[in-house]
Amino acid sequence: MMNSMSKTGGLAAVGQRIRGLRADRGMSLSGLASVAGIGKGTLSELEAGTRNPTLETLYALAGPLRVPLAFLLGEVEGAVTSDDALTAHLLTVRHHDDGGTTEVYWLTMASGGARVSPSHGTGVTEHLLVVRGVVEAGPADAPVRLEAGSSHGWTGDLEHSYAAPDGALEAVLTIRTPASA
């Protein structure tokens, strides 16, 4: 499993961002670990910069910390994070005058890969453009089958999924987070 933290300032920088956000929100290590559904030891190692976070873990933390995934990656274009199914390359991040954020990722997934993503903040929207392959994506209870050249958008404040049932997938994912999220 690839997970490059070198472009994000390294594991220590990611850990410092997580620890700083947790402190700013008045959350204990145990409290954040519990809400995120990860082990307290795992969170402690992440904050210490001794554990490489997976995409799944970063998303589990981003929700309770109320930040976009890109913030945990240091908002560094080219940052890469992955899990067993999906690799996400951060292409760009834009902050808007209204306080919202737009993140753009290049996604790759091997044939047969599948990933369930937790809900993000209220009002978060996702738009997926399939560049190569076939994907079943969208709300976890009603994914839509998309082929190369097609796109689909959904509200990301519900659990949603991605699956590449018929070969490798390449796609562009845009996530729009309003200021209120």
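Helix 1 (residues 10-24) and helix 3 (residues 40-48) cross at roughly 115°, and their axes come within 6 Å. The model is a predicted one, in which local features need pLDDT of at least 70, side-chain atom pairs count only at pLDDT 80 or more, and totals for chains, interfaces and linings use all residues. Residues are numbered from 1 along each chain as its sequence is written, and side-chain values use heavy atoms, with hydrogens and water left out. Helices (H or I, at least four residues) and strands (E, at least two) are DSSP runs, numbered from the N terminus. Axes are lines fitted to C-alpha atoms, for helices over the stretch in contact, and angles run from 0 to 180 degrees between N-to-C directions.

**Helix 1 with helix 3**

- Helix 1 contributes Leu11, Gly15, Gln16, Ile18, Arg19 and Arg22 to the contact, and helix 3 contributes Leu43, Leu46, Glu47 and Ala48; contact means heavy atoms within 4.5 Å.
- By class, this contact of helix 1 with helix 3 has five nonpolar, two polar and three charged residues.
- The classes are nonpolar (Ala, Val, Leu, Ile, Met, Phe, Trp, Tyr, Cys and Pro), charged (Asp, Glu, Lys and Arg) and polar (the others, Gly among them).

**Helix 2 with helix 3**

- The axes of helix 2 and helix 3 come within 9 Å and cross at roughly 115°.
- Helix 2 and helix 3 are therefore roughly perpendicular to each other; angles of 65 to 115 degrees count as roughly perpendicular, under 35 as roughly parallel, over 145 as roughly antiparallel and the rest as oblique.
- The crossing of this pair, helix 2 and helix 3, is right-handed; a crossing is right-handed if the near helix is turned clockwise from the far one by less than a right angle, and left-handed if anticlockwise.
- From helix 2, Leu29, Ser30, Leu32 and Ala33 meet Lys40, Leu43, Ser44 and Glu47 in helix 3.
- The contact of helix 2 with helix 3 has four nonpolar, two polar and two charged residues by class.

**Helix 2 with helix 4**

- Helix 2 (residues 29-36) packs with helix 4 (residues 55-65) at an angle of about 115°, and their axes are 9 Å apart.
- The two, helix 2 and helix 4, are therefore roughly perpendicular to each other, and their crossing is right-handed.
- Leu32, Val35 and Ala36 in helix 2 meet Ala60, Leu61, Pro64 and Leu65 in helix 4.
- By class, the contact of helix 2 with helix 4 has seven nonpolar residues, with no polar and no charged ones.

- Six strands form an open sheet in the order 1-2-3-10-5-8, with antiparallel pairing; two strands pair if DSSP finds at least two bridges between them.
- At the edges are strand 1 (80-82) and strand 8 (151-155), each of which pairs on one side only.
- On average, neighbouring strands of this sheet are turned by 25° against each other, direction ignored.
- Strand 3 (residues 101-109) and strand 10 (residues 169-177) run antiparallel and are joined by nine bridges; Leu107 has Ala171 in strand 10 as its bridge partner.
- Strand 5 (residues 125-132) also runs antiparallel to strand 10, with seven bridges between them; His127 has Thr174 in strand 10 as its bridge partner.

- Four strands form an open sheet in the order 4-9-6-7, and the pairing is antiparallel.
- Strand 4 (114-117) and strand 7 (144-147) stand at the edges, each with a single partner strand, so one side of each is left without a neighbour in the sheet.
- Neighbouring strands of this sheet are turned by 20° against each other on average, direction ignored.
- Strand 4 pairs with strand 9 (residues 160-163) in the antiparallel sense over four bridges; Arg115 stands opposite Tyr162 in strand 9, and Val116 has Ser161 in strand 9 as its bridge partner.
- Strand 6 (residues 134-139) pairs with strand 9 in the antiparallel sense, also over four bridges; the bridge partner of Ala137 in strand 9 is Tyr162.
- In a regular strand the side chains alternate between the two faces of the sheet.
- From strand 9, His160 and Tyr162 point one way and Ser161 and Ala163 the other way, and all are buried (buried is under 20% relative accessible area, exposed over 50% and partly exposed in between, with a 1.4 Å probe and protein chains only).

**Loop between strand 6 and strand 7**

- Asp141 is found in the loop between strand 6 and strand 7.
- The relative accessible area of Asp141 is 72%, so Asp141 is exposed.
- Asp141 and Leu158 are 17 residues apart along the chain, and their C-alpha atoms are separated by 9.6 Å.
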